[in-house]
Amino acid sequence: SGAASIDCPWVVKSEEKMKYDLIFDSLSPVSGMLSGDKVKPVLLNSKLPVDILGRVWELSDIDRDGMLDRDEFAVAMYLVYRALEQEPVPMSLPAPLVPPSKRKKPVT
Amino acid sequence: NPAFTLDSPLFSNSTPYNKKNPFLDEELLDVQPSPINPFSAYFDKKEKKASQS
């Protein structure tokens, strides 16, 4: 099933991505990255519980460097909006949510 | 005197998150919400819906 995920489209639509990119840029990223202390205050505005937001952060920080780049931030925003719609935050990141830039090349 | 530590067997099954998670980091406990609120439009919409019904 892993191979199939390479080709599936990213669930973040380009229209949404543009919106999230604007927010990303307004937070003055350094070298294209936002640190937790910049992302946290924004996500707190969603009024979601901190444990939910903590899970969103862990799922979004795909390369686990403690920072969010543009694509990872879009994943975080997507998950927060879904959570606001009462959708449960998944325990692990579903393949269609992994940004194409972060997908592993198929192993042959 | 912490109730549990990171090497507790309770956590051995899950992948530990080594890098700082700003939402679970005590140093960032006092962070206040940002004036940048991408969700305000979302909440406004909800309020309008609620007041119409």
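## Salt bridges

A salt bridge here is a side-chain nitrogen of Lys or Arg within 4 Å of a carboxyl oxygen of Asp or Glu. By that rule the structure holds eight salt bridges over all chains. This is a predicted model, where local features need pLDDT of at least 70, side-chain atom pairs count only at pLDDT 80 or more, and totals for chains, interfaces and linings use all residues. Residues are numbered from 1 along each chain as its sequence is written, chains are lettered from A and ligands numbered from 1 in the order in which they are written, and side-chain values use heavy atoms, with hydrogens and water left out.

A:Lys17 pairs with A:Asp21 at 3.0 Å, N to O. The two lie four residues apart in helix 2 of chain A, so about one helical turn separates them. Helices (H or I, at least four residues) and strands (E, at least two) are DSSP runs, numbered from the N terminus. A:Lys17 also forms a salt bridge with A:Asp71, with the closest N and O atoms 3.3 Å apart. That pair links distant parts of the chain: A:Asp71 sits in helix 5 of chain A, A:Lys17 in helix 2 of chain A, 54 residues apart.

Buried means under 20% relative accessible area, exposed over 50%, and partly exposed in between (1.4 Å probe, protein chains only). A:Lys17 is buried at 13%. A:Asp21 is buried at 17%, and A:Asp71 is buried at 18%. Shared partners join A:Lys17, A:Asp21, A:Asp25, A:Arg70 and A:Asp71 into one salt-bridge network. In chain B, B:Lys20 and B:Asp25 meet at 3.9 Å, N to O. B:Asp25 is buried at 12% relative accessibility.

## Interface of chains A and B

Contact means heavy atoms within 4.5 Å. The contact takes 27 residues from chain A and 21 residues from chain B. The chains bury about 2300 Å² between them, 68% of it on carbon and sulfur atoms. Buried area is the accessible area (1.4 Å probe) that two parts lose on being put together, summed over both. A:Lys40, A:Asn45 and A:Arg64 supply 28% of the area that chain A buries against chain B, more than any other three residues.

On the side of chain A that touches chain B, two or more residues come from each of helix 2 (14-26), helix 3 (36-44), helix 4 (50-60) and helix 5 (70-84) of chain A. Helix 3 of chain A gives the largest share, seven residues.

## Nonpolar core

A nonpolar core is a set of buried Ala, Val, Leu, Ile, Met, Phe, Trp, Tyr and Cys residues joined through side-chain atoms within 4.5 Å. The largest has 39 residues; A:Tyr20, A:Leu43, A:Phe73, A:Met77, A:Val80, A:Leu84 and B:Phe39 touch the most other members. Helix 2, helix 3, helix 4 and helix 5 of chain A, together with helix 1 of chain B, each supply at least two residues of this core. Helix 5 of chain A gives the largest share, 11 residues.

Not counting residues up to four places away in sequence, A:Tyr20 touches A:Val12, A:Phe73, A:Ala74, A:Met77, A:Tyr78 and A:Tyr81. In helix 4 of chain A, the buried residues include A:Ile52, A:Leu53 and A:Trp57. Their cover includes strand 1 (33-35), helix 3, strand 2 (67-69) and helix 5 of chain A.

## An exposed site in chain B

B:Asp30 lies in the segment before helix 1 (40-52) of chain B. B:Asp30 counts as exposed, at 66% relative accessibility. B:Asp30 and B:Ser51 are 21 residues apart in sequence and 34 Å apart in space, C-alpha to C-alpha.
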